[in-house]
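Me: I would like to go through this model with you, one topic at a time. Could we begin with a single side chain and work outwards?

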Amino acid sequence: MFRWERSIPLRGSAAALCNNLSVLQLPARNLTHFGVVHGPSAQLLSAAPEGVPLAQRQLHAKEGAGVSSPLITQVHWCVLPFRVLLVLTSHRGIQMYESDGSTMVYWHALDSGDATPVQAVFARGIAASGHFICVGTWSGRVLVFDIPAKGPNIVLSEELAGHQTPITDIATEPAQGQDCVADMVTADDSGLLCVWRSEPVFTLLTCIPGFGVPCPSVQLWQGIIAAGYGNGQVHLYEATTGNLHVQINAHARAISALDLAPDVGKLLSAAEDTFVHIWKLSRSPESSYIEVEHCHGECVSDTQVCGARFCDSSGSSFAVTGYDLAEIRRFSSV
């Protein structure tokens with residue numbers, strides 16, 4: 001069971017974008033950072049466990065070329081082995097900051113040369129993999145940035161091709177040195193999933209076909225791919241083979257966010273139907289088949305949920321954002 005804790009106020013509501021919440025826990029300082037996108041700006045908030053906001057910062061999208069202010073599409077903290085960077089994506093480019101948002105260390109402008117007049121140019125889908133940060137784009141390409149241990153000498157090392165429609169989300173998991181292990185999954189607007197191995201070079205292992213429904217959010221845990229779709233379903237696939245093991249009719253409307261608590265294998269799903277559900281993933285000891293158990297359901301009444309994240313790796317608390325909701329709602333286990 002979870003109870004509603006003290007909410008964290010926002011200056012405005014979260015934009016109606018999928019995966020519109022990022023959380024960075026700092027146990028050593030007993031703080032949690034939250035990032036939320038609205039229009040051309042992103043709000044960064046720091047809160048103590050009792051929910052009192054300690055600091056707020058507002059970041060704006062870099063203008064680039066154009067006459068109108070670009071809209072931010074996502075904000076996400078990327079935890080690398082040697083540093084933490086905050087990444088913002090927008091309709092103009094990709095911005096990387098130090099973890100507190102105080103200093104921009106890199107700016108990458110998007111090339112709209114291949115776009116037709118009716119295509120929107122944007123970046124979306126952010127994840128860290130080893131010493132790389134991967135960012136999805138409107139063209140279906142995934143940009144791979146090589147991140148140094150310190151400083152601004154970030155390099156675009158390669159572009160991954162596998163998708164024909166805009167990237168929606170990217171999930172990664174440390175491969176822990178094993179050969180032929182899938183450690184990254186990319187999803188797109190057609191529902192196609194591409195499964196990758198990142199070391200020693202990025203290699204496409206398999207593709208899981210879509211079925212005419214977008215896949216707004218994807219997660220990866222111990223060889224299990226959890227994919228949330230626009231029809232409210234959550235599918236669990238075997239990462240190495242792409243085989244479907246479990247299909248959950250989780251929500252009545254489109255999934256807007258998935259998250260995983262890696263220590264315990266808890267999966268959080270949130271959707272536009274106002275509900276947040278928590279599921280327990282495991283494998284059968286006899287067959288190694290993927291199993292799932294429903295643990296909790298929470299209704300955020302009269303709210304189009306657009307972001308949800310666990311606040312710790314054990315899944316004992318989570319936070320939720322919603323369109324036209326000027327606060328971050330937090331829930332903790334009792």
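**An aromatic pair and its surroundings**

Reply: F211 is partly exposed, at a relative accessible area of 37%. Here buried means under 20% relative accessible area, exposed over 50%, and partly exposed in between, with a 1.4 Å probe and protein chains only. The model is a predicted one, in which local features need pLDDT of at least 70 and side-chain atom pairs count only at pLDDT 80 or more, while totals for chains, interfaces and linings use all residues. Residues are numbered from 1 along each chain as its sequence is written, and side-chain values use heavy atoms, with hydrogens and water left out.

Me: How many aromatic pairs does the structure hold?

Reply: There are five aromatic pairs. Rings of Phe, Tyr and Trp (its six-membered ring) pair if their centres lie within 6.5 Å; planes under 30 degrees apart count as stacked, over 60 as edge-to-face and the rest as tilted. One of the pairs is F132 with F202, which is edge-to-face, at 5.4 Å centre to centre and 70 degrees between the planes. This pair links distant parts of the chain, since F132 is in strand β12 (residues 132–137) and F202 is in the loop between β17 (193–197) and β18 (203–208), 70 residues apart.

Me: Are F132 and F202 buried or exposed?

Reply: Both F132 and F202 are buried. F211 and Y229 form another aromatic pair, which is tilted, with 4.8 Å centre to centre and 50 degrees between the planes. This one also links distant parts of the chain: F211 is in the loop between β18 and β19 (217–221), Y229 is in the loop between β20 (224–228) and β21 (233–238), and they are 18 residues apart. Y229 counts as buried because its relative accessibility is 0%, whereas F211 is partly exposed.

Me: Which residues form an aromatic cluster?

Reply: F2, F318 and F331 form one aromatic cluster.

Me: Changing topic to the whole chain: how many helices and strands are there?

Reply: The protein chain has zero helices and 29 strands. Helices (H or I, at least four residues) and strands (E, at least two) are DSSP runs, numbered from the N terminus. The radius of gyration is 19 Å, close to the 20 Å that the globule rule gives for 334 residues, so the chain is as compact as a globular protein of that length. That radius is taken over C-alpha atoms, and the globule rule is 2.2 Å times the number of residues to the power 0.38. Along the principal axes, the C-alpha atoms fill a box of roughly 55 × 45 × 40 Å.

Me: And how much of the chain is buried?

Reply: Buried residues account for 56% of the 334 residues. Of the contacts between residues at least 6 apart in sequence, 47% join residues at least 24 apart; contact means heavy atoms within 4.5 Å.

Me: Now the sheets. What is the strand order in the sheet that contains β7?

Reply: That open sheet has four strands in the order β7-β8-β9-β10, with antiparallel pairing. Two strands pair if DSSP finds at least two bridges between them. β7 (72–79) and β10 (104–109) stand at the edges with a single partner strand each, so one side of each is left without a neighbour in the sheet. Seven bridges join β7 to β8 (residues 84–90), and V75 has L88 in β8 as its bridge partner.

Me: What about the sheet with β15?

Reply: It is an open sheet of four strands in the order β15-β16-β17-β18, and the pairing is antiparallel. β15 (167–172) and β18 are at the edges, each with a single partner strand, so one side of each has no neighbour in the sheet. β15 pairs with β16 (residues 184–188) over five bridges, and the bridge partner of I167 in β16 is D188.

Me: Last topic, the backbone. Where is the cis peptide bond?

Reply: It joins E199 and P200, with omega about -5 degrees. P200 lies in the loop between β17 and β18.

Me: Which residue other than glycine has a positive phi near 55 degrees?

Reply: That is D302, in the loop between β26 (290–299) and β27 (304–310). D302 counts as exposed because its relative accessibility is 81%. N19 is not a glycine either and has a positive phi of about 60 degrees, but N19 is buried, with a relative accessible area of 4%. N19 is placed in the loop between β2 (8–9) and β3 (22–26).
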